[in-house]
Amino acid sequence: MPFFSLPQQSFFLCCPKLLSKFPKTLLFLCPKMSTNPNSHQNYPTPLSPPLPSISKDIELARAMTASSKSSLFELSRSDILYEDEWLIAVNKPQGIYCDSVLASIPRFLSDSTVSDRLSDGNQASPFELHLANRLDRDTSGIMVITKSHKVAAALVKAFTNHMVHKTYVAFCIGSAPKSERITIKSGHGRSKFGAWRVYAAGDVGRKLPGGSIVRDMGTTFEVLSINGEQSYKEPSESVKDEETSVIVEEKAVIDVDAKKDEILVRAFPRSGRTHQIRLHCQYLGIPIRGDVKYEGVYEWKGRRYDAHELHAESLSFQHPVTGFPVMIQAPLPLWASQALQPLTD
């Protein structure tokens, strides 16, 4: 039994001069204080798993391949989905960086428009090209490029204020949802290791280790096919039927031994958070095929997948100059068409 003890409060009030008067054998009673102001901060706990260890090397290899492909990339005329005096929309291929797509745009702009701009005295750069939206490296689909600073500011503001309606198509592997339509709401933010994670809806607004806060994140999913069955709908035909609502407050319970289905879903992001659809698919137990960062299968039925299968299918918004409604739709990629093949045979 110790022959000497100090009150608990003394551990936090001790100073070097006072400690020097005690024998060295008693110094263990005063633990070292942390100088990190965040060491005792009560941060919210992420509810989605950390990045799988396998993802680091695979993602690095994919990034190197994409850099090589992007350096040689040239957009084709068939990739142009929409163009007017102020905007141009293109169908970005999988595995190409957005900046490489932007760099390939000038040669597609009409010669007459270029001539008009040059005659106005703008000799250095006839267009002020900007990306209105960005897609992940391996996400294919619609990218919108504006042709002036003013139009860029207006359209980026529309994206930021969620005035642009978007749909995506994803090929997922997991236990098929019991509902045809699911809306999931959660928090979104970076964990202390810098990875994007799902947080509880109740944690929205709370501070995270890096100084940012948990933001709200909502996505509606519509099941288009399960193992090649059910019916595909065009984006404009989608209606709100019976819907399951998921409010995230705790970690998901996923049966890893359950039967794995091939599921084609359409996603309607209600917010514009980084990796939103990929994170929500992971949480629902239907990660996107090839998405190793968020537990998607790397190999499936004897084939290895070198990218995740997510496609920006459609965009609709009010034109920033004319005010008219604009609806842009990209053709489905091969993996989506093949998933729907049994429905059209």
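The largest pocket has a volume of about 740 Å³. The model is predicted: local features need pLDDT of at least 70 and side-chain atom pairs count only at pLDDT 80 or more, while totals for chains, interfaces and linings use all residues. Residues are numbered from 1 along each chain as its sequence is written, and side-chain values use heavy atoms, with hydrogens and water left out.

**Terms for pockets and cavities**
- On a 1 Å grid over the protein atoms alone, a pocket is an open set of points with protein on both sides within 12 Å along at least five of seven lines, and a cavity is a set where a 1.4 Å probe fits but cannot get out; lining residues have an atom within 4 Å of a point.
- Points are joined across faces, edges and corners, and a volume is the space filled by probe spheres set on them.
- Helices (H or I, at least four residues) and strands (E, at least two) are DSSP runs, numbered from the N terminus.
- Ala, Val, Leu, Ile, Met, Phe, Trp, Tyr, Cys and Pro count as nonpolar, Asp, Glu, Lys and Arg as charged, and the others, Gly among them, as polar.

**Largest pocket**
- Its lining has 32 residues, and Ile254, Tyr283, Leu284, Gly285 and Ile286 lie nearest the centre.
- Strand E5 (165-174), strand E9 (244-247) and helix H6 (276-283) each supply at least two lining residues.
- By class, the lining has 19 nonpolar, seven polar and six charged residues.

**Second largest pocket**
- This pocket holds about 630 Å³ of space.
- Of its 23 lining residues, Arg134, Lys166, Tyr168, Gly272 and Arg273 lie nearest the centre.
- Helix H5 (149-160), E5 and H6 give two or more residues each to this lining.
- The lining divides into nine nonpolar, nine polar and five charged residues.

**Cavities**
- There are two cavities of 30 Å³ or more.
- The second largest cavity holds about 40 Å³.
- Asn133, Ile142, Lys166, Thr167, Tyr168, Ala312, Glu313, Ser314 and Leu315 line the second largest cavity.
- Four of the lining residues are nonpolar, three polar and two charged.

**Aromatic rings**
- The model holds zero aromatic pairs (rings of Phe, Tyr and Trp, the last by its six-membered ring, with centres within 6.5 Å).
- A charge sits over a ring if NZ of Lys or CZ of Arg is within 6 Å of the ring centre and within 35 degrees of the ring normal.
- Arg289 lies over the face of Phe171, 3.7 Å from the ring centre.
- The charged end of Arg181 sits over the ring of Phe268, at 5.2 Å from its centre.

Methods
Phe/Tyr/Trp six-rings, centres within 6.5 Å; stacked < 30°, edge-to-face > 60°.
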